[in-house]
Amino acid sequence: MENLPSALAIGLGALGPGLGIGLIGMKAMEAIGRNPDSSTKVLPAMLLGMAFAEAIAIYALVIAFIK
Amino acid sequence: MEKGGIVLKPEVIGHIGSLAVTNTLFTSWLVTILLLVIGIAAGFRVKLVPSGLQNFMESIIEFFYATVEDLAGERTKVIFPIVMTFFLYIIVGNYTGLLPLFGTIGFHTADGFVPLLRSINSDLNTTLALALISAVVTHALAIRYLGIKDYLKRWVSLNPIFLFVGILEIVGEFTKVVSLSFRLFGNIFAGEVVISTISSMFAFLLPLPFYFLELIVGFVQAAVFMMLTLVFIVILTEKHESH
């Protein structure tokens with residue numbers, strides 16, 4: 001029970017980024033599926049977008065660690 | 001707070017005068033020396049047809065030069081060394097943190113075990129310093145390319161709407177520093193905790209996928225830091241088109 005704040009922080013904090021990363025991946029898949037030659041342009045942009053979205057989850061993780 | 005022996009604060013291993021030397025500071029010196037040695041060795045007697053270490057470093061540099069040139073255009077020659085230094089320092093720091101001796105060799109003190117070597121980006125001091133340097137360099141380059149007047153016109157303005165936008169942009173600069181530092185710190189520190197936890201459960205074979213994950217994360221975080229610094233510099237040094 002004493003770990004509940006940390007658990008809530010990371011649990012709820014990972015909802016948004018999880019959805020975000022999934023949506024980014026979905027749109028990237030669609031783009032590559034429609035135009036397979038564009039994968040060299042789409043892939044780095046997708047990774048960059050995913051790193052941004054993941055950063056939000058990392059903020060929540062840091063809060064979970066320090067409490 | 002201790003989880004499998006990993007603490008947020010870097011442990012102090014000694015003092016030089018009044019400077020408390022932490023294990024991450026000591027490791028960062030080693031990483032710097034390693035990068036210097038590689039740089040000097042690769043650039044020693046440069047050959048027109050490269051081979052060996054020079055060839056390897058040239059392939060890395062060329063790959064990223066093309067990427068930076070895509071974004072920076074005419075200012076590439078000035079911007080490239082800065083962002084490439086960030087990338088090399090962060091990626092070498094991340095990868096050396098996965099080597100065998102890190103976190104295991106050290107000495108026992110009254111408060112517990114103090115490791116001698118620790119991954120440099122698992123220390124918020126390092127990542128905050130890198131983010132601050134990135135911010136200072138961005139603004140310094142903006143002043144150099146735009147001149148003081150155009151640079152200041154971005155933040156302060158007589159028009160009340162633009163004044164509000166300017167204030168938001170100033171706040172945005174601080175968030176950039178916080179976000180850059182915490183992104184890198186969180187990723188590498190969380191990786192350290194994960195590997196330490198899994199190794200304390202079963203130290204053979206099981207940590208392998210996590211080490212693989214850390215390899216990927218180390219590269220991605222270095223690349224993201226570099227790309228973000230590059231994008232911020234390019235955006236800030238762009239001449240403001242008149243309305």
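This is a predicted model: local features need pLDDT of at least 70, side-chain atom pairs count only at pLDDT 80 or more; totals for chains, interfaces and linings use all residues.
Me: Which residue in β4(B) is the bridge partner of Thr109(B)?
Reply: Thr109(B) has Gly112(B) as its bridge partner in β4(B). Residues are numbered from 1 along each chain as its sequence is written, and chains are lettered from A and ligands numbered from 1 in the order in which they are written.

Me: What makes β3 and β4 of chain B a pair of strands?
Reply: Two strands pair if DSSP finds at least two bridges between them. Strand β3 (residues 106-109) and strand β4 (residues 112-115) of chain B have four bridges and run in the antiparallel sense, so the pair meets the rule. Two residues join β3(B) to β4(B) as a hairpin.

Me: How do you know that β1 and β2 of chain B are joined?
Reply: Four bridges link the antiparallel strands β1 (residues 12-16) and β2 (residues 19-22) of chain B. Ile16(B) stands opposite Leu19(B). These strands also form a hairpin, with two residues between them, and Gly17(B) in the turn has a positive phi of about 65°.

Me: How many helices and strands has chain B, and in what order do its elements run?
Reply: There are six helices and four strands in chain B. Helices (H or I, at least four residues) and strands (E, at least two) are DSSP runs, numbered from the N terminus. In that direction, the order is β-β-α-α-α-β-β-α-α-α.

Me: Why is Phe185(B) called buried?
Reply: A residue is buried if 20 or more other C-beta atoms lie within 10 Å of its own, exposed if 12 or fewer, and partly exposed in between, with C-beta atoms placed from the backbone. Phe185(B) has 24 such atoms within 10 Å, and therefore counts as buried. Phe185(B) belongs to helix α5 of chain B. In chain B as a whole, 27% of the 243 residues count as buried.

Me: Which residues is Phe185(B) in contact with, leaving aside its neighbours within four places in sequence?
Reply: Two residues are in contact if their C-beta atoms, placed from the backbone, lie within 7 Å. On that basis Phe185(B) is in contact with Asn121(B), Leu124(B) and Thr127(B). Phe185(B) and Asn121(B) are 64 residues apart in sequence, yet their C-alpha atoms are 5.8 Å apart in space. Asn121(B) is also touched by Ile90(B).

Me: How do you know what α6(B) should span?
Reply: The expected span of a helix is 1.5 Å times one less than its number of residues. For the 29 residues of α6(B) this gives 42 Å, and the end C-alpha atoms are 42 Å apart, so the two agree. Buried residues in α6(B) include Gln221(B), Ala222(B) and Phe225(B). Among the elements that cover the buried residues of α6(B) are α3 of chain A and α5 of chain B.

Me: Which residues touch the most other members of the largest nonpolar core?
Reply: A nonpolar core is a set of buried Ala, Val, Leu, Ile, Met, Phe, Trp, Tyr and Cys residues joined through C-beta atoms within 7 Å. The largest has 34 residues, of which Phe86(B), Phe87(B), Ile90(B) and Phe225(B) touch the most other members. Elements that each supply at least two residues of this core include α3 (39-66) of chain A and α6 (208-236) of chain B.

Me: What confidence does the predictor give the complex?
Reply: The complex has an ipTM of 0.75 and a pTM of 0.88. Chain B averages a pLDDT of 88, and 96% of its residues score at least 70. Within chain B, mean confidence is lowest in β3(B), at 83, and highest in α3(B), at 94.

Note on methods: pLDDT is the predictor's confidence in each residue, from 0 to 100.
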